[in-house]
Amino acid sequence: YTFSHAVSRKPAASIIRGLRFEDSGTPDHQKFLEHHAAYVDVLRSTGAEVTVLEPLEAYPDSVFVEDAALCLQEGVIQMRPGAPSRLGEAAEIAGTLADIYGDIHELEPGGFIEGGDILVTESEILVGLSSRTDHAGVAALDKIVSQWGYKVRELQTPESVLHFKTDCSLLDEETILSTKRLSDSGCFDGYRLLHVADGEEACANSIRFNEIVVMPDGFPKTTEMLTKEGYDIRLIGNTEAAKVDGGMSCLSLRF
Ligand code: CIR
């Protein structure tokens, strides 16, 4: 699958108040802007058109656009983020996506679901229940995408992990990069599975974008393993996003 577009949003200065599981320091806004610009450049280097939205100060976590929408070939679905401070981000980004896509599909209210819990593969859509995504949210998604022929499989995100995709990524049609703590449940049986090196769990959130794989810098064992497997790796600094539990997939919507 070739991506022709990506949408990202510059980090706001309010990122210093971004949500986080545990406090490992405050992100440096300037440094985050630099990492973000490098990320956008790498996506653009594949020939894709990348829209960069202006920061939204009212939403500290709005740089993590992936959580606010799901972009499929058939249409875009506005998510219902389970973090109360993030719920409004979905409507904010919907306008931009409507310009590109036309119609926006809204989920039935009631449940919650964030894009970070959704992994779309060639054959199915995997959704991990988490502190942000509940069964009603998954059911609301299923109602829309089943009409387009997608099969939704509901799974459990490990308790210590923010989002399902914090711990995995799709590297190509059949290959998933995962932590052991996630794949131990057998959720990826039937796929070709590659594991991040022990101690390098934080690089499981990487992305395949056209001919390249974009990974956070600082995980040499996994980088070497993936290079040997034949992937063309690009490294992006992620120290600031990591302080607020963000990674490579969270920073863009790709379609
Ligand atoms: C949050 O807690 O919502 C943000 N600080 C991090 C969101 C990361 N997004 C993602 O994994 N898709």
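In this predicted model, L119 has L126 as its bridge partner in strand 7. That pair belongs to the contact between strand 6 and strand 7 (residues 125–129), which run in the antiparallel sense and are joined over 3 bridges. Both strands are part of an open sheet of 3 strands, in which the order is 6-7-8 and the pairing is mixed. Strand 6 (118–120) and strand 8 (152–156) each have a single partner strand, so they form the edges of the sheet and one side of each is left without a neighbour there. Helix 3 (residues 135–145) lies across strand 6, strand 7 and strand 8, and its course makes about 165 degrees with strand 7.

A second open sheet, also described by its strand order, has 3 strands arranged 3-4-5, again with mixed pairing. Here strand 3 (69–72) and strand 5 (104–106) are the edge strands, each of them pairing on one side only. The twist from one strand to the next averages 25 degrees. Within this sheet, strand 3 and strand 4 (residues 75–78) pair in the antiparallel sense over 4 bridges, and L72 finds its bridge partner in strand 4 at G75. Helix 2 (residues 89–101) packs on the sheet and touches strand 3, strand 4 and strand 5, with a direction at about 170 degrees to that of strand 4. Helix 3 likewise packs on the sheet through contacts with strand 3, strand 4 and strand 5, its direction making about 160 degrees with that of strand 4.

| Residue and atom | Ligand atom | Distance |
|---|---|---|
| L19, backbone N or O atom | nitrogen atom | 2.8 Å |
| D61, N or O atom in the side chain | nitrogen atom | 2.8 Å |
| H163, polar side-chain atom | oxygen atom | 2.9 Å |

On its own the ligand has 350 Å² of accessible area, and the protein covers 99% of that area.

Definitions and conventions: Residues are numbered from 1 along each chain as its sequence is written. This is a predicted model: local features need pLDDT of at least 70, side-chain atom pairs count only at pLDDT 80 or more; totals for chains, interfaces and linings use all residues. Side-chain values use heavy atoms; hydrogens and water are left out. Two strands pair if DSSP finds at least two bridges between them. Helices (H or I, at least four residues) and strands (E, at least two) are DSSP runs, numbered from the N terminus. Contact means heavy atoms within 4.5 Å. Axes are lines fitted to C-alpha atoms, for helices over the stretch in contact, and angles run from 0 to 180 degrees between N-to-C directions. A polar contact is a pair of N or O atoms within 3.5 Å; within protein, one must be able to donate a hydrogen and the other to accept it, and residues adjacent in sequence count only if both atoms are side-chain atoms. Accessible areas come from the Shrake-Rupley method with a 1.4 Å probe; for residues, only the protein chains shown count as cover.
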